[in-house]
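This briefing goes through the structure shown below, topic by topic. Please keep the sequence and the model in view while reading.

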Amino acid sequence: MTLLQRLSQCSALSPWTQKTFSRAASQAKLPLARAHGKSFAHRGELRQAKRIVVKLGSAVVTRGDECGLALGRLASIVEQVAMLQNQGREMMIVTSGAVAFGKQRLRHEILLSQSVRQALHSGQNQLKDMSLPVLEARACAAAGQSGLMALYEAMFTQYSTCTAQILVTNLDFHDDQKRRNLNSTLHELLRMNIVPIINTNDAVVPPPEPNSDLQGVISIKDNDSLAARLAVEMRADLLIALSDVEGLYDRPPGSDDAKLLDTFYPGDQHSITYGTKSRVGIGGMEAKVKSALWALQGGTSVVIANGTHPKVTGHVITDIVEGKKVGTFFSEVKPAGPTVEQQTEMARAAGRTLASLHPDQRSEIICSLADLLTERKEDILAANKKDMELAVTAGRLSPSMLKRLSLSSAKLNSLAIGLRQIAVSSLDSVGRVLRRTRVANNLELEQITVPIGVLLVIFESRPDCLPQVSALAIASGNALLLKGGKEAANTNHILHELAQEALSLHGVKDAIQLVSTREDVEDLCRLEKMIDLIIPRGSSQLVRDIQRAARGIPVLGHSEGICHVYIDIDGSIDKVIKIVRDSKCDYPAACNAMETLLIHRDILRTPLFDQIIDMLRTERVKIHAGPRFASYLTFSPSEVKSLRTEYGDLECCIEVVDSLQDAIDHIHKYGSSHTDVIVTENEETAEHFLQQLDSACVFWNASSRFADGYRFGLGAEVGISTARIHARGPVGLEGLLTTKWVLRGDGHAVADFSEQGSMKYLHENLPVSHTIPSQRTSN
C-alpha cells in the first residue's frame, strides 16, 4: 500500500470511530480559526483553541524505572488527542520517550547476547551474575525512535487517526530555508487531518550550550523549548505541557506552605523559588516556565499540568481545553481584583476575627445590615429592576425563576424582620457550653460551640438569599464566600456592598466575599484546602452537580424535594382540601411543595376523592397517575414515567395505597427524605406515621410548605438538608456551628490509661450554666 493510499484512508473516520466520537463531536462547538498574535486572557476562552500543541515530558511518557514506556498513561493521552482531533481541532504532539524505549530495547539485547556467549563458553545452563554497561543516550535514542513511533501509530490507528513523525534539531529553526520547509510540512500534515508527532533528533543532537539564546529567539535545548518554539512558529492557540507535577508552585512542591498557582503572570517570576528537576528529562520547572513565557510572548496560551496522576490523566487534556481549573494557566492579563483563592484567604482571616467578637458586636452588625436593607431600599430595587429587564430581554428564565429574581419593598421589609430575629438568636450561639465534665481533681473538660470555618454558598436567581445567608454567617462567626447567578449580578453587587458596610462597624469587612470572577462552580468545588462546607441554594440539578463536583468538601443540601402527602381513611374533608391545595399550589417550584399525593384505597369513589380532583383541576394542576391508580380508572390521566419525579410546577402524581404501612413503604422507596405529611383524625395512626417515617421533616395535619426556616422560627435558613449527619431539615444558625473540646487543668494531672489509673478519673457531669465569653476586640 502506497503512502498516498494510507493517507487517504486516514482522512476519513471508520464507522467504529464515528460511533465512538459522534457524541463528543456533536456536543463540541467546533472552534473557528482566530487571528494569531494575542494569547487568551482567561481559562474559559481555551474552548476556542483551534490549533493545540501537547508536550509530553519524559516523566509522563516513561515508567518509574526509567526503562520502558508508561503504556497506560500514553493510551489515555492518545485517546484524548484523537477525540479533540476528531472534533475539528488541529493537534500536534511533542514527545519524549525515545531514550527510555531504546534503553529498554538495548538492555534486552545486551542481556540476551551475554547469556548466549556465557552459555557457549561455560557449557553450563547456570549463568553467572551479569552486569549491564552504561548505555549512551544517543545510542538509546537511535534504537528507540522507530519503536516509539510504531507505538504511537498503533494507538492512533484504533481511532482511525493518522500520524506522521518529524525529527528536528536546532538547525531546523535557525536556518531560514529549513524552518520554512518544516513549517510547510507541518501545515500540509494538519491540512490532511494528520497528527504530527515531533521530537528532537536525540541520536545526533549536540549537548545543550548554556545561555545560547539569541535576541527574541529561544534555543532548542530540550522538549520544553522545542514545544514553545514550535507552538509560536505554527501560530498555535494553546500549548499544554504535561509533567509529573500539578503545575507551577511558588516554592518547591512538598515544602511547607508551597502553593499551587492557578494563574501565572509574566511579572511574577521574582516570587517563585524553583526546586530540582524531575527524575528524568533535562529541563526542570525553571526551563518550563522560561519556555512558557516565551510562547506566551509569541501569542500562544500555555498550561502546565500533571500528566502522571492516575485519577486525572484520562481527562487532563480535555479538561484544560474545556477551560477547567487544571494546572497553571499562563496569562498576560492580570485581573484588577483578587483571585478567588486570595478572597478565600482574606475571608478566613477576617472570619477568625469575627468569631472572636463579643456576641453583642455580631448582633450589632446584623441589625445594621437589617437597617441598611430598608434605608437603601430604592438603590436595591433600582439594581433589581436592571436585572429583571435584562432577564426578560434574554428570555432564558421561566416565570417561576423570574419570580425568585424579583425583589419588592415588602420582600425587603420581611428580610429585615428576619435578620433582626437572627440578631437576637446570635447572642448565645458561638462559645456556648454544651457539656462540662470534671474528669479528675482540678481537671475540667468542656464542649463548646464554634464556627465551622469558611462557607461557600452557591445560589441561583435568588438575591434575597444573600442577606439571609450573610446574617447567619455573621451570627455563627463563619467566613463566607458567595457565588450568585449572573442573572442577579447587579442586585447581588449592591447587597454585598451593604453586608460589607455593616461588617466594617467592627473591622471585619472581608469576612464576606462575593466571587465575581469567571470561576466555574466546579472549579470552586475543588478548593478543598480552603473551604470547609459547601451549601448549594437552587434547583435540584444545581445541587446534584455540586455534590458530584465537590472533592473532599462536605455538601449540605438535598438533591431532590419529592414530598408526599398521604390522605388517610380518617382524614377530615376540610383539612384535606386546604393542606393539599397549599402543599401543591402555594409555590409549586419550592423544594417543599407536594409532588406525590398518596390516597388510601377506600377513599376512591367517595365525595372526598371527587372534591380533591375538582380542586386540583380548578387550580390547573396536571395530574399523572401512578400504576395502581391507573389500574382503577377506565380513562386515566397520563401514567407517570417514574414515581421519583420532582415536577417543580403545577403537576403532581396521584397513587393509591392499601394501608398506612404501604404509604410509609412507598415514601421510603420513592421519596427523597425531605418533607412528608399525613392527614388524619386518628391520633394513633398519626403517631405511627411520625415515628416510623425516616424523613427530615414529618408533619401531621399541616402543609408541607411549613418546612421552612423562617416558619420554624429560625429567622432564616441556608437551606434544607436531607443528610443523615450534622444538620437535618431547615438549617439555621445551629446548623452552621460545630464544637471543640477544651480541657482546663492545674498542670499536675497526668494521663494514666492503666487499670489503676482509670480509677482516679471521676467523670462527674457538671451544670452547663455559663457561656465562654468571646474576646472583645478594639476597633
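**Helix H17 and its surroundings**

Helix H17 (residues 465–476) has 12 residues, and from its first C-alpha to its last it reaches 17 Å, close to the 16 Å expected at 1.5 Å a residue. The model is predicted.

- H17 is mostly covered, with 12 of its 12 residues buried.
- The buried residues of H17 include Cys 465, Leu 466, Pro 467 and Gln 468 at one end of the list, and Ile 474, Ala 475 and Ser 476 at the other.
- Gly 477 follows H17 and has a positive phi, near 75 degrees.

**Nonpolar cores**

- The largest nonpolar core has 50 residues, and those with the most contacts inside it are Ile 365, Ile 366, Ile 380, Leu 480 and Leu 482.
- H17 gives the most to this core, with eight residues.
- Apart from this core lies another, of 39 residues, among them Ala 49, Leu 56, Val 60 and Val 316.
- Leaving aside neighbours within four places in sequence, Leu 480 is in contact with residues that include Val 469, Ser 470 and Ala 473; Val 469, Ser 470 and Ala 473 are among the buried residues of H17.
- Other contacts of Leu 480, with neighbours within four places again left aside, include Ala 347, Leu 455, Val 457 and Ile 512.

**The four-stranded sheet**

- Four strands form an open sheet with parallel pairing, in the order S13-S12-S11-S14.
- Strand S13 (512–514) and strand S14 (533–537) are the edge strands, and each pairs on one side only.
- Direction ignored, neighbouring strands of this sheet are turned by 20 degrees against each other on average.
- Strand S12 (residues 479–484) and S13 run parallel and are joined by three bridges; Leu 482 stands opposite Leu 514 in S13.
- Helix H12 (residues 340–356) packs on the sheet and touches strand S11 (454–459), S12 and S13, with its direction at about 145 degrees to that of S12.
- H17 also packs on the sheet, touching S11, S12, S13 and S14, and its direction makes about 165 degrees with that of S12.

**The eight-stranded sheet**

- Eight strands form an open sheet with mixed pairing, in the order S3-S4-S2-S1-S5-S7-S8-S6.
- Strand S3 (162–168) and strand S6 (263–264) stand at the edges with a single partner strand each, so one side of each is left without a neighbour in the sheet.
- S6 pairs with strand S8 (residues 328–330) in the parallel sense over two bridges.
- Helix H4 (residues 71–86) lies across strand S1 (51–56), strand S2 (90–95), strand S4 (194–200) and strand S5 (238–243), and runs at about 155 degrees to S2.
- Helix H6 (residues 137–157) lies across S1, S2, S3 and S4, and runs at about 155 degrees to S3.

- Strand S9 (residues 433–440) and strand S10 (residues 443–451) run antiparallel and are joined by six bridges.
- Val 433 stands opposite Ile 448 in S10.
- The hairpin has two residues between the strands, and Asn 442 takes a positive phi near 60 degrees.

**Aromatic pairs**

- The structure holds three aromatic pairs.
- The rings of Phe 264 and Phe 330 have their centres 5.3 Å apart and their planes at 65 degrees, so this pair is edge-to-face.
- That pair links distant parts of the chain, with Phe 264 in strand S6 and Phe 330 in strand S8, 66 residues apart.
- Phe 264 and Phe 330 are both buried, and Phe 264 stands opposite Phe 330 in S8.
- Phe 699 and Phe 712 also form an edge-to-face pair, at 6.5 Å centre to centre and 65 degrees between the planes.
- Phe 699 is in strand S20 (residues 697–700), whereas Phe 712 is in the loop between S20 and strand S21 (719–721), 13 residues apart.
- Phe 699 is buried, with a relative accessible area of 11%, whereas Phe 712 is partly exposed at 40%.

**Single residues**

- Asn 492 lies in helix H18 (residues 489–503) and is buried, with a relative accessible area of 3%.
- Leaving aside neighbours within four places in sequence, Asn 492 is in contact with Phe 459, Pro 463, Leu 466, Gly 484, Gly 485 and Leu 514.
- Lys 38 is in the loop between helix H2 (15–27) and S1 and is exposed, with a relative accessible area of 61%.
- The C-alpha atoms of Lys 38 and Ser 301 are separated by 8.5 Å, while the two residues are 263 residues apart along the chain.

Notes: Residues are numbered from 1 along each chain as its sequence is written. This is a predicted model: local features need pLDDT of at least 70, side-chain atom pairs count only at pLDDT 80 or more; totals for chains, interfaces and linings use all residues. Side-chain values use heavy atoms; hydrogens and water are left out. Two strands pair if DSSP finds at least two bridges between them. Contact means heavy atoms within 4.5 Å. Axes are lines fitted to C-alpha atoms, for helices over the stretch in contact, and angles run from 0 to 180 degrees between N-to-C directions. The expected span of a helix is 1.5 Å times one less than its number of residues. Buried means under 20% relative accessible area, exposed over 50%, partly exposed in between (1.4 Å probe, protein chains only). A nonpolar core is a set of buried Ala, Val, Leu, Ile, Met, Phe, Trp, Tyr and Cys residues joined through side-chain atoms within 4.5 Å. Rings of Phe, Tyr and Trp (its six-membered ring) pair if their centres lie within 6.5 Å; planes under 30 degrees apart count as stacked, over 60 as edge-to-face and the rest as tilted.
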